[in-house]
Amino acid sequence: MVLKAFFPTCCTSADSGLLVGRWVPEQSSAVVLAVVHFPFIPIQVKELLAQVQQASRVSLAVLGTWCHRQQESEESLGHFLEGLGAIFSHEPWLQLCRERGSKFWSCKATHQQRPGTPGVSSEDHVMLIFYDQRKVLLSHLHSPTVLPDCQAGDATASAEGLAAIFDTVSRSEVLFCKNQFDEGPVRLSHWQSEGVEASILVELAKQASGPVCLLVACLLSLVSASGSCRLWKLWPLPFIASKLSTCEQLRHRLEHLTLVFSTQKAQSPAQLMRKANMLVSMLLDVALGLTLLSWLHSSNRIGQLANALIPMADATGLWPFVSAPARACVHWACLGLELVPLSSLLVLMLILTAHPSNNNNTTAASPHVAEELQHLLQWLMGAPAGLKMNRALDQVLGRFFLYHIHLWISYIHLMSPFIERILWHVGLSACLGLTVALSILSDILALLTFHIYCFYVYGARLYCLKICGLSSLWRLFRGKKWNVLRQRVDSCSYDLDQLFIGTLLFTILVFLLPTTALYYLVFTLLRLLVVTVQGLIHLLVDLINSLPLYSLGLRLCRPYRLAAGVKFHVLEHEAGRPLRLLMQINPLPYSSVVHTYRLPSSGCHPKHSWGSLCRKLFFGELIYPWKQRGDKQD
C-alpha cells in the first residue's frame with residue numbers, strides 16, 4: 001500500500017522532533033502541519049493538540065517522527081525517536097529522515113499490529129509530497145464545476161482529495177498563530193517560525209473598523225427608514241422611481257453599503273471576497289466621480305456645455321453633403337432637447353404665450369432648428385426618395401408632427417435660462433460616484449428624447465394597427481378566424497357582404513401601409529439610436545458595478561490566492577528511494593475569476609435576442625428599455 005505524506009517545505013531544515021498533523025483515511029494521506037522540537041513533555045503536547053482541535057474542529061494527532069541527521073551529532077537519536085511510537089500511538093506511524101551529507105530522504109510507515117498477525121509489524125511505501133504551507137493556507141480551492149474547461153470524473157475526484165488537504169491547512173490557522181518567540185512549554189516549526197509580521201497601521205485599522213462599521217450601519221439604517229416612509233409610496237412617486245435609472249442605482253449602492261459595513265463577520269471566503277469586491281468597486285466609482293467633478297468645474301466647462309447645448313443641433317456646415325435619407329435622421333435627431341411629456345408641453349405653451357422669453361441665443365438658434373425640421377417634414381410630406389405616398393394621410397401625419405415640433409421649440413425658450421443651473425447640480429452629483437452621474441445622464445437623455453419616444457409610439461401603434469388589420473383580413477379571405485378563447489386559428493364561413501367589406505378594408509389598408517411604414521421606419525431608427533446610446537451608458541454602469549476588481553487584483557499580484565488546482569513536479573525518482581514530489585498551485589484563469597466573483601448588477605434593462613427584436617420591429621410592437629424580460633408588456 002502506498003501512503004501519501006504532505007510535508008511543508010518550511011520544515012525541511014527544522015530540527016528533529018515529532019510530526020503533528022491530520023490523517024485522512026479516505027485518501028490514505030497524512031497532512032503534516034508542524035514539527036514539535038525537543039525538549040517537550042508528552043502530556044503538554046497532547047494538551048496543545050486538544051486545545052487546537054477544540055478551536056479548529058480538526059482532529060490533530062502525532063503522526064510520526066522527523067529526524068534531521070545533518071543537524072544531529074548523536075546516532076542514538078534515531079532509536080530514541082523510534083521509541084516515541086509507544087507513547088504517541090498512531091496507525092500508521094510515519095518515520096521521515098533526511099540523510100547526513102546527502103540530499104536523499106528515507107520515508108517509511110510502520111504498522112505495529114496487522115489484523116490477523118498480532119505482534120508483527122509491517123511497513124508501507126510512502127510518497128513524499130512537499131507543499132508551500134503559506135500559499136495553501138491563504139489560497140481558496142475552487143470546485144471544478146465553476147471552471148468551464150474542467151471535466152467530470154478523475155478531475156472531480158482529485159479535487160475532492162485536494163479539498164481535504166486545503167481544508168485541513170486553512171482550518172488549522174490557530175496552530176500557526178504560535179511561533180518560536182512565544183514563551184510556552186512546546187516549541188513548534190511551521191511557516192510562521194520566523195515571527196508574525198504586522199504593521200501598527202494595520203492593527204489600528206482593525207481596531208477602528210468595528211466602530212466605523214457600526215456608525216455607518218446606523219446611518220444607513222436611518223436612510224433606509226426614511227426611504228420606507230409612506231410619503232414615498234404615494235402615487236406617482238413609486239412609478240417614477242421604478243422608471244428612473246438614478247433611483248435604481250442609488251438603491252443598488254445602498255444595498256452594497258449595507259452589506260459592506262455590516263457588523264456581521266463573513267462566514268466563508270466567498271462572502272469575504274464579495275465584500276472586498278464591493279468595497280473596491282465603490283472606492284473606484286467615487287474616485288472616478290470626483291475626477292469627473294473636478295474636470296467639469298475647471299475652466300468653466302459647465303458654462304460652456306450650457307451655451308453649446310441648445311445650438312448644438314446646428315449642422316449647416318455639413319448639411320449640403322448629407323443625403324436625403326440621412327438628412328431625415330439628422331433632422332429628427334435635432335429633436336433631442338425636450339424634457340417633459342406632451343401633456344405638460346400644452347400647459348407650457350399657454351404660459352409662453354402670455355410670458356414670452358427674452359433669451360437672444362435661444363431665439364437665434366431655435367428658428368434655424370425649426371426651419372431645418374420643417375424642411376424635413378416637407379420632404380416627408382412630398383415624395384421622399386421618389387416614393388408615391390398617400391397625400392391625404394401624409395399631410396395629416398406631417399401636420400400632426402409639426403404641431404409637436406412647435407411645442408418643443410416653445411419649451412426650449414422656457415428652459416434655456418435654467419440649463420446651466422441644472423448642469424451644475426448634475427455635475428455635483430458625481431461626488432456620489434461615476435455610476436450615479438451616468439445614471440442621471442441616462443435619465444436626462446430619456447427626458448431629452450421623450451418626444452422621439454412619443455413619435456415612435458404614435459407611428460408604432462398606427463403601423464401595428466394596420467398590420468393586425470391586414471392579418472385578420474387575410475385570414476378572412478382564407479375562411480379562417482382567430483379563436484380568442486382557445487388562442488388558435490379556426491375555420492369559419494363568411495357571407496358575401498362580409499367578404500365585400502373585408503376586401504374593401506383590405507385594399508384601403510394596403511394602399512395606406514407604405515405611408516405609415518415610412519413614418520414608422522424613420523421614428524424607429526431614431527428610437528433605436530436613443531436606446532443604443534442608453535444601452536452603452538448602462539453597460540458602463542453595470543461594468544463598474546459588477547466587475548470583481550479585488551479578485552482580479554489578487555489574481556494579478558498573488559495568483560496562489562485563487563487556486564483552480566495543483567500540479568506536481570518530480571524531485572526524486574530513483575529505485576529504492578521514496579518518490580518525492582513538489583506540489584504547486586495552479587491559479588484560476590482570469591475568465592473564471594470574472595465568472596465566479598462577478599457581482600450582481602441592477603438588471604433594470606432588457607436583454608432582447610436578435611430574433612425577438614426583429615419580430616417586435618416587424619410587427620410594430622413597442623420596445624421598452626426599462627422592462628425586464630419577465631415583465632408583462634402591451
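## Annotated transmembrane stretches

Residues 528-552 are 92% helix and 0% strand, with end C-alpha atoms 35 Å apart. Helices here are DSSP runs of H or I with at least four residues, strands are E runs of at least two, and both are numbered from the N terminus. The model is predicted: local features need pLDDT of at least 70, side-chain atom pairs count only at pLDDT 80 or more, and totals for chains, interfaces and linings use all residues. Residues are numbered from 1 along each chain as its sequence is written, and side-chain values use heavy atoms, without hydrogens and water.

The stretch 528-552 comes from the UniProt annotation "transmembrane region", in an unreviewed entry. That annotation also covers 396-414, 426-449, 455-477 and 498-522. UniProt positions follow the numbering used here, feature names are shortened, and annotations may be inferred rather than shown by experiment. Residues 426-449 are 75% helix and 0% strand, and their end C-alpha atoms are 18 Å apart.

## A nonpolar surface patch

Phe500, Ile501, Leu504, Leu505 and Ile508 make a nonpolar surface patch of about 490 Å². Patch residues have over 30% relative accessible area and no salt bridge; like charges are joined within 9 Å, and nonpolar side chains (Val, Leu, Ile, Met, Phe, Trp, Tyr) within 5 Å. Areas come from the Shrake-Rupley method with a 1.4 Å probe; for residues, only the protein chains shown count as cover.

Phe500 sits in helix H18, residues 496-546. Its relative accessibility is 58%, so Phe500 counts as exposed. The classes are buried (under 20% relative accessible area), exposed (over 50%) and partly exposed (in between), with a 1.4 Å probe and protein chains only.

## Helices with one buried face

Helix H1 has 15 residues, 42-56. At 1.5 Å a residue it should span 21 Å, and its end C-alpha atoms are 21 Å apart, which agrees. The expected span is 1.5 Å times one less than the number of residues. Val45, Leu48, Leu49, Val52 and Ser56 are the buried residues of H1. They fall within an arc of 95 degrees seen down the axis, so they line one face of the helix. The arc is taken over the directions from the helix axis to the C-beta atoms. An α-helix has 3.6 residues a turn, so residues three or four places apart point the same way. On the other side of H1, Ile43, Gln51 and Gln54 are exposed. Arg57 follows H1, with a positive phi near 60 degrees.

Helix H8 has 16 residues, 245-260. Buried in H8 are Ser245, Thr246, Gln249, His252, Arg253, His256 and Val260. Their arc is within 125 degrees down the H8 axis, so these residues also line one face.

## Salt bridges

The structure holds 7 salt bridges. Each is a side-chain nitrogen of Lys or Arg within 4 Å of a carboxyl oxygen of Asp or Glu. One of them joins Asp15 and Arg187 at 3.9 Å, N to O. This pair links distant parts of the chain, 172 residues apart. Asp15 is in the loop between strands E1 (2-8) and E2 (17-24). Arg187 is in the loop between helix H5 (173-176) and strand E9 (188-189). Asp15, at 31% relative accessibility, is partly exposed; Arg187, at 34%, is too.

Arg615, Lys616 and Glu621 form a network of salt bridges. Arg615 meets Glu621 at 3.0 Å, and Lys616 meets Glu621 at 3.5 Å. Lys616 is buried at 8% relative accessibility. Arg615 is partly exposed at 39%, and Glu621 is partly exposed at 23%.
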